[in-house]
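Please report on this structure in brief: one loop, the helix packing and the ligand shell.

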Amino acid sequence: MTRPIYVGSLCIGGDAPIVVQSMTNTNTRDVDATVTQIRQLEHAGCELVRVAVPDLASAAALTHIRERIGIPLVADIHFDHRIALASIQAGVDKLRLNPGNITDPKKIIEVVEAAAAAKIPIRVGANSGSMAKEYLDKDGHVTAQGMVASAMAQVRLLEAHRFEQIIISLKGTDVPMTLAAYRMMAHEVDYPLHIGITEAGTSWEGGLRSAVGLGVLLEQGIGDTVRVSLTGDPVEEVRVAYAILRALNLRQRGITFRICPTCGRTGIALEKIAIAVQDAVRDLNVRLTVAMMGCVVNGLGEAREADVGLVGATGRATIYVHGEPAAVNVAEAELIERMVSTIRDLAGGNQP
Ligand code: SF4
């Protein structure tokens, strides 16, 4: 088990639940836009948020952002250690430093001393796209060993200055290489690991790449906090992260849906109904299982197991609640509305 590290009051590592985090894509200097996006992320279940801090003006905005949000704030720093110092001054809850582009030990130590005084942790965040040259192989390529060595060099420097509030990430774009790097690191240290597949892509492909990479690691007990990196609205990152964690029974936020793939027996427009119902109840943070099935073949069994079940027939369906028929032979045109109201009614008594 990893050692617990606190980011504000949020525990990462130890036996704490796996933390879901994301990163804004607004201009950090635009405080209103950044706060609005962080609140959307928070509403979706994001527990820790990182913002890019490319310059001192962005660092100055952090104070105003921090006082208007409810989750811990992480400053993402590259190249310039003075921005890290300014971010600590602004009151952030954690720093991310990139060992690939802040390499001068004296500058790193300055940051470490300031972080220790402010009692905030540092994530040593190696990324395959920004590795220092000495950690590439002889042909100039990134390797799992190189990523681990790069991160470990910075970790040892922090430790040499008695700083152990450390979280580590080793994000690569290549999934097998990233898995190898995290496995090596998990053998090497007991610091919590922030896991992710970097630059995974847009929602569909990126979600799948992340699910494969994170799924394998999490199933092996590796990973204390996850960030799904997707191009686009970061709220989608949070949704995908929870879908991955739900699939492994690691976190239960949100409704678990079981929907049949449809076949020649399907007598209703199940895909359209399922999409509309999922969209309409996306805001609910409840532990419910909802099954939507095209016919009785697997439908009756799934409906019995689910909190709410829909079992289709030709042009109609029966809705089950806790395995018992609650509305029989509902016309197809009314199914979306009836399912949504049934789920919402049940959710009323299941809020966490
Ligand atoms: Fe086909 Fe029925 Fe199975 Fe859905 S539940 S895939 S409609 S047999």
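Pro99 is buried, with a relative accessible area of 6%. Buried here means under 20% relative accessible area, exposed means over 50%, and partly exposed is in between (1.4 Å probe, protein chains only). The model is predicted: local features need pLDDT of at least 70, side-chain atom pairs count only at pLDDT 80 or more, and totals for chains, interfaces and linings use all residues. Residues are numbered from 1 along each chain as its sequence is written, and side-chain values use heavy atoms, with hydrogens and water left out.

**The loop between E6 and H4**

Pro99 lies in the loop between E6 and H4. Helices (H or I, at least four residues) and strands (E, at least two) are DSSP runs, numbered from the N terminus. Pro99 touches Val124, Gly125, Ala126, Ser150, Ala151 and Gln154, leaving aside residues up to four places away in sequence. Contact means heavy atoms within 4.5 Å. Tyr320 is 221 residues from Pro99 in sequence and 55 Å away in space, C-alpha to C-alpha.

Asn98 sits in the loop between strand E6 (94-97) and helix H4 (105-118). Asn98 is buried, with a relative accessible area of 1%. Its contacts are Ile77, His78, Gly125, Ser130 and Gln154, again not counting residues up to four places away in sequence.

**Helix packing**

Axes are lines fitted to C-alpha atoms, for helices over the stretch in contact, and angles run from 0 to 180 degrees between N-to-C directions.

| Pair | Angle | Axis distance |
|---|---|---|
| H1 (residues 31-44) and H2 (residues 56-66) | roughly 50° | within 10 Å |
| H4 and H5 (residues 144-160) | about 55° | 10 Å |
| H5 and H6 (residues 175-188) | roughly 40° | within 8 Å |

Angles under 35 degrees count as roughly parallel, over 145 as roughly antiparallel, 65 to 115 as roughly perpendicular and the rest as oblique. H4 and H5 pack at an angle of about 55°. H4 is therefore oblique to H5. Their crossing is right-handed. A crossing is right-handed if the near helix is turned clockwise from the far one by less than a right angle, and left-handed if anticlockwise. H4 brings Pro105, Ile108, Ile109 and Val112 to the contact, and H5 brings Gln154, Leu157 and Leu158. These residues are 6 nonpolar, 1 polar and no charged. Ala, Val, Leu, Ile, Met, Phe, Trp, Tyr, Cys and Pro count as nonpolar, Asp, Glu, Lys and Arg as charged, and the others, Gly among them, as polar.

H5 and H6 are also oblique to each other. H5 passes H6 in a right-handed crossing. On the H5 side the contact is made by Ala144, Gln145, Met147, Val148, Ala151, Met152 and Arg156, and on the H6 side by Met177, Ala180, Ala181, Met184, Met185 and Glu188. The division is 10 nonpolar, 1 polar and 2 charged.

H1 and H2 are oblique to each other. The crossing of H1 past H2 is right-handed. Val31, Thr34, Val35 and Ile38 of H1 meet Ala61, His64 and Ile65 of H2. This contact has 5 nonpolar, 2 polar and no charged residues.

**The ligand shell**

Which residues surround the ligand? They are Cys260, Pro261, Thr262, Cys263, Arg265, Thr266, Gly294, Cys295, Val297 and Asn298. A residue counts as near a molecule or strand if one of its heavy atoms lies within 4 Å of it. By class, the shell holds 5 nonpolar, 4 polar and 1 charged residues.
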